[in-house]
Amino acid sequence: MFFLLPGIIELIRKTGTRVLLAASLAYHALYPLLKAIPDPPEFSHQTILLRIDLLLFGTGTQTMIAGPSILHSLALFFGGCWLGEWLKQTRERGAMDFTRPIMPLIGSFCLLIAYSLLVPGPGKLTAVALGNMHLRNLNHPAYVGIYGLVAIAGVAILYRLSSFYRLPTSLLFLGRRPLFAFGFGNFLIVLWPRALSNVIGATANCTLLLACAIAVVFVYDSLLRSDAKRSIAARLVHDATQVASSATSSLAAMIWHIGLGAPRQAVDR
Amino acid sequence: MVKRDWIQCTGEQAIVSQTDRLVAIDIARSVAMLLALAAHAGFQTSLDLPVAATLALRIATPLFIVLFGAMVTLVYPKPRAKRSISNRRQVLVSLPSMLPVLLAQHSGPGLYGFLQFSIFGPMLIHARHIAFRRHPKILGDHVFSASRNN
């Protein structure tokens, strides 16, 4: 996805997010046709072609790789782009009741949910199927429709509420350090002894694991926010992860040769 | 003096003031991260969750993708002028020095991925420094100027 990003940004600049969102929703409308496409053949007794197909296009009825596919998730991405435009406009104009531009976006996801209730094909919309990732792995329109609507409406509501209520910024450490939290959190989760559930119970084990992961992210965030001289180790980890991430996007930009441009620069240097 | 902080923006990074941050985005990302960690932790510890809880935990991934799209629009709003053909040649020349990035990209999750990253990480940083020194205009200097300022 990151390697496609420069091309996608160029596409957004040329055509706008609304057209691209409509196109990505139209791809969801092809659900019965996409599910009718037979799975690609095995290559040297390996399901390489099938995996590529599921990663990019999400055709067929196999659910061996966690969805949604890249093309199916573009509806969420372009929905987010539209949301970002709304946030930017609202912020620049300072008008908090400036909600009209976002209504077509919410309406389009409601339309997708209505379509998912009627669409033929594998997968029926139930709470269990939505919760156990069956619909997600099938790339069912209901998954993107319901969760896309919840996500977009949730962020919009949070934005409105944030102007009335102020949360202490120290509580938002997970959102400030997503790369570290995800990387370290998954590392800890993989190494965590599963057998501990037999001793202290699954609930206590899960709570303990979550508490450890959150505590480490909190300490990391606190070190970075404190005096730089006292947090050299944290900054080293931070710089290493960020440089890896930055290098990936730079390489993608170089390959596409359009350049992403520098993000917003320092305002207080 | 305005307090400085890092902001995550689709792989690139920049320093912005605390006052520039959208708190709603931070809250939403915090919620998504907490839900993702909880979902993975629940799976690892074989925790049986009720349907309502699993439904709530599944919000994490779509929320991340939506926030990703929102950040792209917020961070990269303006088109840039096209680059010259000579720059295109420079890009091709510097590509081999970025090969470790591709290797790091293919490292798997968990312990195996961590071990691979610990090997390719220093190579990656070294390659990035070399590429930056050769082509500062292409790669942009915001990352390293930010590091130096801190």
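Predicted model: local features only at pLDDT ≥ 70, side-chain atom pairs only at ≥ 80, totals over all residues.
Cys212(A) is partly exposed, with a relative accessible area of 30%. As for the bookkeeping, residues are numbered from 1 along each chain as its sequence is written, chains are lettered from A and ligands numbered from 1 in the order in which they are written, and side-chain values use heavy atoms, with hydrogens and water left out.

How many disulfides turn up over all chains? A search of the whole structure gives 0, counting a disulfide as a pair of cysteine sulfur atoms within 2.5 Å. Cys212(A) is in none, and the nearest cysteine sulfur, from Cys206(A), is 11 Å away. Another cysteine, Cys81(A), is buried, at a relative accessible area of 0%.

## Two loop residues with positive phi

Most residues other than glycine have a negative phi. Met133(A) isn't a glycine, yet its phi is positive, near 70°. You'll find Met133(A) in the loop between helix H7 (127–131) and helix H8 (134–138) of chain A; helices here are DSSP runs of H or I with at least four residues, numbered from the N terminus. Met133(A) counts as partly exposed because its relative accessibility is 22%.

Now go to the loop between H8 and helix H9 (141–162) of chain A, where Asn139(A) sits. Asn139(A) has a positive phi too, about 60°, and is not a glycine. Is Asn139(A) buried or exposed? With 4% relative accessibility, Asn139(A) counts as buried.

Arg136(A) belongs to helix H8 of chain A. Arg136(A) is buried but has no salt bridge, and the nearest side chain of opposite charge, Asp53(A), is 16 Å away. (A salt bridge needs a side-chain nitrogen of Lys or Arg within 4 Å of a carboxyl oxygen of Asp or Glu; Lys and Arg count as positive, Asp and Glu as negative, while His and the chain ends are not counted.)

Over in chain B, Thr54(B) is part of helix H2 (residues 51–57) and is buried, at 17% relative accessible area. Setting aside neighbours within four places in sequence, Thr54(B) is in contact (heavy atoms within 4.5 Å) with Gly131(A) and Leu49(B).

Conventions:
Buried < 20%, exposed > 50% of the residue type's maximum accessible area, 1.4 Å probe, protein only.
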